[in-house]
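Here is a note for a colleague who is opening this entry for the first time. It takes up charged pairs and then the ligand site, point by point.

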Amino acid sequence: MKVNQSMDTAEPTNIVIFGATGDLTKRKLIPALVRMIDCGLVHTDSRIIGVIRSNTHDEWLQLIRDGLGEYSPRVAIDDAGWQVFAARVKSVSGDLSDQKTYEDISTALEPLGGKKNAMFYCAIPPAWYGRVASGLSNAGLISEVEGYRRLVIEKPFGMDLESAHALNQELLSVCDEKQIYRIDHYLGKESVQNLLVYRFANSIMEPLWNRNYIDSVQISAAETLGIEYRADYYEHSGALRDMIQSHLMQLMTLVAMEPPVEFTADAVRDEKMKVLRAVHRISPDEVDKLTVASQYAAGTINDESVPAYVSEEGVSPDSSTETFAAVRFEIDNWRWEGVPFILWSGKRMNKKVSEVLIRFRKPPFNLFDSHASVPHANSLVFRLQPDGGVALRLNAKKPGLTTDNETLVMRAPYADDEEEVADAYEVLMHDVLIGDETLFSRSDEVEESWTLVEPILQAWKNRVSIARYRAGTWSVPDMDKLCADCVGGWHLPS
Ligand code: BG6
């Protein structure tokens, strides 16, 4: 990871992880912390405190060390390095429903550099967020008298508007909004921040960034993975909640927002909120026309056969949960009126790739039509992953004695060495440690985005059957229809 001179350094902190034996901790949090320590992004006096239940401290340490080898080959750590890391780690054993656990955490917090700063990371099922927040509060751990106290929570922030509102109320009854860090790991991707820099650090972008030049925007996240071991969650969630309401709507706000007055948390989040408020509310009778839902059937990915969604472990054989969802939003404001924003995401597709496509209007007429093929509309693609970068598609003359044209793609990779790109969790945990909330969602944003998908959830609630696409393909019924009036139609990531 590249560490810039200008980066803020974090104060020594007690990093408390709830769900310390869980999957997120093993796959993401510990590898991120190991790299951050290695790069000096975590103050050397900081401590990591895992909240564990049935394991001993040594068993837990072994679990996370094994996890490093299994999930994060790029985080190389030898025995000596591990000893240094392990010396900073301790654990508190207890049940989250028992207040004593929180009293024990309070005792375990160390005064570091004269303060008892603490980050509480909830890597636990969302049903526990409220209980943990109140347990911490009752143990006096939310009060900031002895140091800062920050609570990190993961999506899903509710399963609909009502539950998101209830969760916000519950958290806000004990914490201040400024203490709550709602992680959307898409915003931690460096290539997503690159999109912001392209928009706001290049003066050639702004004059084109509006309805006069842009025909449509498509924001996509295709995955080859299925639902893995998460049928319980996914059966209730589906692709609309899992990807669109969260990650992709966040990306939409970044593409569509006005330039903020400064790059600070509230200035950026205020602009994102204005976008959400301007989005056309989809009415129940528009749902069919403006959305697509589909589910993967059995197929082949990378030469391997994969089962249908309904044959996955834990999935009901007659499930109509969508593993692919698309929504066509329109933003009713001065800049974007009439420009469709098509957000789509699917599991078990042909490739893993996430992109933001800005498709420009067609040239007004073809000056070269006596000889040439018709020039394509220009497009600008922000590839978020894999191999983040930007590609601009232009038309250029074909070598030869005619004015025939061909497509030319100018590519700007984000990084020469992908290994140097920080993982989203490294970026976001560092932001928590330095108290920068710019890349975290505020409660009003979360509720507003639920408001926008609520009519779709209602319309899909009683669905008894669903269209299907073959795993490993892009053949999703109705996507061409949804994008029919966009120049170039449905854009398949290349
Ligand atoms: C998570 C979703 O938020 O994002 C998963 O719950 C999905 O279902 C994942 O697979 C995708 O993240 P990424 O970073 O691999 O695109």
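**Charged pairs and the ligand shell**

1. K481 is exposed, with a relative accessible area of 64%, where exposed means over 50%, buried under 20% and partly exposed in between (1.4 Å probe, protein chains only). Its partner in a salt bridge is D478, the closest N and O atoms being 3.9 Å apart, and D478 is partly exposed at 44%. A salt bridge here is a side-chain nitrogen of Lys or Arg within 4 Å of a carboxyl oxygen of Asp or Glu.

2. Before going further, please note that this is a predicted model, in which local features need pLDDT of at least 70 and side-chain atom pairs count only at pLDDT 80 or more, while totals for chains, interfaces and linings use all residues. Residues are numbered from 1 along each chain as its sequence is written, and side-chain values use heavy atoms, with hydrogens and water left out.

3. How many salt bridges does a search of the whole structure find? The search finds 29, and those that share partners join K178, D266, R269, D270, E437, R442 and D444 into one network. In general, side chains of opposite charge can pair when their charged atoms come close.

4. E110 and R47 meet through their side chains in a salt bridge of 3.4 Å, N to O. This pair links distant parts of the chain, 63 residues apart, with E110 in the loop between α4 (99–108) and β4 (118–122) and R47 in strand β2 (residues 47–52); helices (H or I, at least four residues) and strands (E, at least two) are DSSP runs, numbered from the N terminus. E110 is partly exposed, with a relative accessible area of 22%, and R47 is partly exposed, also with 22%.

5. K272 belongs to helix α9 (residues 265–278) and E445 to helix α12 (residues 443–461), so placed that the pair links distant parts of the chain, 173 residues apart.

6. A polar side-chain atom of K189 lies 2.6 Å from an oxygen atom of the ligand, and for the side chain of H247 the distance from an N or O atom to a ligand oxygen is 2.7 Å.

Technical notes:
Polar contact = N/O pair within 3.5 Å; in protein donor to acceptor, adjacent residues only side chain to side chain.
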